[in-house]
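Dear colleague,

Please find the structure below, handed over for your study. My notes on what was found in it follow directly after.

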There are 2 protein chains.
Amino acid sequence: MTAIETEISGRDGSATHKAYHRLREMIVTGDLRPGEKLKIDTLRARLSTGASPIREALSLLTSDNLVERIDQRGFRAAEISASNFTEILTLRCTLEDLALRESIAHADQQWEEAIVLAHHRMQRAKADKKADFEVLHKAFHMTLLANAPSPILLKFCSQLYDLNIRYRYLAGSALDYQKRDVSEEHSLIMSTAIARDADGASASLLRHYRMTGDFLAGLLGDGALG
Amino acid sequence: MTAIETEISGRDGSATHKAYHRLREMIVTGDLRPGEKLKIDTLRARLSTGASPIREALSLLTSDNLVERIDQRGFRAAEISASNFTEILTLRCTLEDLALRESIAHADQQWEEAIVLAHHRMQRAKADKKADFEVLHKAFHMTLLANAPSPILLKFCSQLYDLNIRYRYLAGSALDYQKRDVSEEHSLIMSTAIARDADGASASLLRHYRMTGDFLAGLLGDGALG
DNA sequence: TATGTTCAGATTATCGATTTTTTTAAGTCT
DNA sequence: AGACTTAAAAAAATCGATAATCTGAACATA
């Protein structure tokens, strides 16, 4: 079977893979609430698949810190807390700072162009109010780091990104963080990165994260979430 | 059933748990070589358990970067490389530095005593040439960090520790890293940590890692491993 | 000779059923 | 009533079997 035929037949990965991505999305977007019991049978019915793929997907999500495993009592969606959020924010700032500097240190034309492209796609999606804005927003941020020759570090950053964005979803898209001039911030990050200005890029990136972070931390402190 | 009864009855977790720990150990110690194909059926027979626990254990190990999943072709033990080793060492230095400083910042008597105890147990095991030296060595290092109020960071450190120690096992215990005066280094780390000397503790910890690291990196460069 | 194709054997992924464990709720005793 | 036991129901963990997929060798083709 060729790649094209594969595409047509819709076999875009195993049942486990699909369940993994679907469940991850449901947890990150808050469709499955923090602390909620994740019953195999319920999920099996909801995603119309077997129990094995669900179990395996939940296992994988456990290691992403999105699902907690309780001894012999199954799984639940990870809890949220102010301290957890603060930890994520702090770690993210440390690790992304590291990754961004490494990425810039290995800058080349290809990377530069990838950033411009990712930025454009994100802007376009935002203007069109496309649903895939969030996907492209993550892609933009990961592209900034992608040149760091450090796959483990990038994996950590990706995980932390997802843990963080979950809080944003839980705060509700109503609390539209886009009201702030995020576009301006993104542009600044892009231009400093492309200019190989490591200090400038890092500073603007961390400011970007901390502004959103402080905002969400405030909500958490008020008990507005959960 | 109380915790003590559980202990006695030997029911120390599910089949998946046991398989997970056993497989992790086999990979870390090099019993399963880097890149080796991990066939479900072979492992099932070897650990005398079912296929489901094996699959689930391998899934979990995937997220620890100890096992790689190949599309629809099963699992294999993670590959090793000089760049991978360097990355682990670098990340470890960064993250443990962070964790150690946080740990010291939250120092209290209980933590102090835990360190002394962990250190003593490790020394004792080493003198007796006990097989559990490695377990206690890890325990000592993790205890140093354990006071950092940052579970995700500690998890990362634990993962990186295991990834790193794997290289040491692969280099062979023949290349006894204990020939160096590691005891002296451990003592220095302990005393500086207990003295709440964050800079001193961090410096001695990182020196400890880098010395072992440089030694192993040399071996890797010569192609003595793999 | 190099390239592509087919087919058996091996292996993985998934399913349905069984076993074990936990939870719930009712009943019993003090 | 409150605490303890026991029985039934629910759920998770595991197993055995089946379906889907991959691998590699033998063969055909250019």
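Of the atoms of DNA strand C that come within 4 Å of the protein, 84% belong to sugar or phosphate, and the rest belong to bases. This is a predicted model, in which local features need pLDDT of at least 70, side-chain atom pairs count only at pLDDT 80 or more, and totals for chains, interfaces and linings use all residues. Residues are numbered from 1 along each chain as its sequence is written, chains are lettered from A and ligands numbered from 1 in the order in which they are written, and side-chain values use heavy atoms, with hydrogens and water left out.

Around DNA strand C there are 19 residues, and A:Ala15, A:Thr16, A:Arg73, B:Lys39 and B:Arg55 come nearest; a residue is near a strand if one of its heavy atoms lies within 4 Å of it. Several polar contacts can be listed here, a polar contact being a pair of N or O atoms within 3.5 Å; within protein, one must be able to donate a hydrogen and the other to accept it, and residues adjacent in sequence count only if both atoms are side-chain atoms. From A:Gly50, a backbone N or O atom lies 3.0 Å from a phosphate oxygen of DNA strand C. Two or more residues of this surface come from each of helix H2 (15-28) and helix H4 (51-63) of chain A and strand E1 (37-38) of chain B. Helices (H or I, at least four residues) and strands (E, at least two) are DSSP runs, numbered from the N terminus. By class, the surface near DNA strand C has 4 nonpolar, 8 polar and 7 charged residues. Here Ala, Val, Leu, Ile, Met, Phe, Trp, Tyr, Cys and Pro count as nonpolar, Asp, Glu, Lys and Arg as charged, and the others, Gly among them, as polar.

DNA strand D is surrounded by 19 residues, the closest being A:Arg55, B:Ala15, B:Thr16, B:Gly50 and B:Arg73. Sugar and phosphate make up 85% of the atoms of DNA strand D that come within 4 Å of the protein. The side chain of B:Thr16 has an N or O atom 2.6 Å from a phosphate oxygen of DNA strand D, and for the side chain of A:Lys39 the corresponding distance is 2.9 Å. A:Ile40 places a backbone N or O atom 3.4 Å from a phosphate oxygen of DNA strand D. Strand E1 (37-38) of chain A, with helix H2 (15-28) and helix H4 (51-63) of chain B, each supply at least two residues of the surface near this strand. That surface divides into 5 nonpolar, 8 polar and 6 charged residues.

How are chain A and chain B related?

On a 1 Å grid over the protein atoms alone, a cavity is a set of points where a 1.4 Å probe fits but cannot get out, and a pocket is an open set with protein on both sides within 12 Å along at least five of seven lines; lining residues have an atom within 4 Å of a point. Grid points are joined across faces, edges and corners, and a volume is the space filled by probe spheres set on the points.

The largest pocket has a volume of about 1,100 Å³. Its lining has 38 residues, with B:Tyr20, B:His21, B:Arg24, B:Ser158 and B:Asp162 nearest the centre, and H8(B) gives the most, with 9 residues. The second largest pocket has a volume of about 790 Å³. It is lined by 26 residues, of which A:Tyr20, A:His21, A:Arg24, A:Lys138 and A:Asp162 are the closest to its centre.

The whole structure holds 3 cavities of 30 Å³ or more. The largest cavity contains about 80 Å³ of space, and A:Arg92, A:His137, A:Asn164, A:Arg168 and A:Tyr209 lie nearest its centre among 11 lining residues. About 50 Å³ lies in the second largest cavity, whose lining includes B:Arg92, B:His137 and B:Tyr209.

Yours sincerely
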